[in-house]
Amino acid sequence: MRADRTLELVEAGLRLQGERSEAALLARVIDEAIRLVGPRRAMLVLNEREPFDIAAAAVPGDESPTTLLTAITPWLVDARRKRKARLRHGPRGVAQIDQRSCIVAPLVAEQTLLGCLYCDLEGGYGRFSDTDRDLLAMLASQAARALANLRVTVGLERRVLERTSELAIIESIQEGLGAKLDFRAIVERVGDQLRAVSGTDDLSIRWWDEEANLVHYFYEFEKGRRVELPPAPPKPDGFFMQLVRDRRPIVLRSLDEAQARGLTLLPGAVWAKSGVFVPILGGDRVVGVIVLESYEREDAFGPDQVRSLTTIATSLGSALENARLFDETQAALERQTATAEVLEVIGASMADAQPVFEKIVDSCARLFEAAEISVCVVDPVDGMLHAPANRGTNFNAVSGGYPKSLTD
């Protein structure tokens, strides 16, 4: 091989290694093949199995890349099997000027076949030689290494980005606890962040009240639309209870898989093409589930996304259990405090019941956040219902005529 051709090949390899996106790299392979051997047609295909995918191509304007792919598929299959570049001239028995030269060179990196590079040239434009075949074989080898390295780099960058997103969500959960956000506020915060980092508008966070046997649909988005659903009991042998029993993520790669696993639609919902269901664990039991769905494509969720969701679900489960227990403890303390305050007023107001009624109204307003509260008593003399203490309304003016006889 001449020194200038070797130099061209080295420079081509450097340009391939310099590309930072797979699409740009694949297009560059075609450009470098044209620069090195000057084919009339050049095509780069990927996939170890048929059908092959056309990754990049250059053909005359009146020709179709898919038609060319159909014609050369047997040669691609042969190159995939033998993993060796081959030069062909044909058809046999005709003058060289009427023949077409064809080269197929496999892209192999670390014993893995990534694709094949094809080039051809009619006799009227020239004729490929063994040197051209060897050049394309080396170019294909360089392209395979560049593509494998780029995929590793992109994969690492994606995992770093996913891990950064995970940590940001987990930090947000902890901040919510530190700020004493309530149970629902933490769910809203995590749901909004998950939708942002996952790039999907089809996400749900559901909570299971085991004691009441109800699933609460706290955070439901379908195709970017917020959906409000009332709590409902899960089917004893249904999909949700499978999650509760197995305590492992379930990935549904297609609609057929979803229906085979017994998944049913919620009211007003439509079938997704794929989905992942990750249980939220509180201690050793399932307390909820995070659901991601795709309405655009099947098999949309891979191992990395499942692992990331599982990490977030673990942190969320611990945080929400703590928040729930905190809310319940606070509510219990408030009830005890309200009771103690009422008893204290009763002890200090033996001769006058009005302060007791006022304190009861104040306590109820604080505990139940009601807009209208009244304390009603029955007059033992006239049997009429009276309201000595009100909040937000005048009891005697409600319903057109209180006080009202208990016999009515």
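**Entry 1**

I am working from a predicted model. I found an open sheet of 5 strands, ordered 2-1-5-4-3, with antiparallel pairing. Strand 2 and strand 3 are the edges, since each pairs on one side only. Neighbouring strands are turned by 15° against each other on average, direction ignored.

Next I took the pair formed by strand 4 (100-109) and strand 5 (112-122). They run antiparallel and share 10 bridges. I picked out Leu107, whose bridge partner in strand 5 is Gly115. I also checked what packs on this sheet. Helix 2 (residues 22-37) does, and it touches strand 1, strand 2 and strand 5. The direction of helix 2 makes about 145° with that of strand 1.

**Entry 2: helix 3**

I turned to helix 3, which covers residues 65-82.

I still looked for a bend. There is a kink of about 55° at Ile72, shortly before the proline Pro74. Ile72 is also on my list of buried residues in this helix.

What covers them? The cover includes strand 1 (41-46), strand 2 (53-58), strand 3 (86-90), strand 4 and strand 5. I noted the residue after the helix too. Arg83 follows helix 3 and has a positive phi, near 50°.

**Entry 3: strand 6**

I moved on to strand 6, residues 203-209. Is it mostly covered or mostly open? Mostly covered: 6 of its 7 residues are buried.

I followed its pairings. With strand 7 (residues 214-222) it pairs in the antiparallel sense over 6 bridges. Within that pair, Ile205 has Tyr219 of strand 7 as its bridge partner. The hairpin of strand 6 and strand 7 has 4 residues between the strands. There, Asn213 takes a positive phi near 55°.

Strand 6 also pairs with strand 11 (residues 285-294), again in the antiparallel sense, over 5 bridges. On this pairing I marked Trp207, which stands opposite Gly288 of strand 11.

Note on methods:
Residues numbered from 1 in each chain as written. Predicted model: local features only at pLDDT ≥ 70, side-chain atom pairs only at ≥ 80, totals over all residues. Heavy atoms only, no water. Buried < 20%, exposed > 50% of the residue type's maximum accessible area, 1.4 Å probe, protein only. Helix = DSSP H or I, 4+ residues; strand = E, 2+ residues; numbered from the N terminus. Pairing = 2+ DSSP bridges. Expected span 1.5 Å × (residues − 1). Bend = angle between axes of the 7 residues up to and from the residue. Contact = heavy atoms within 4.5 Å. Axes fitted to C-alpha atoms, helices over the stretch in contact; angles between N-to-C directions.
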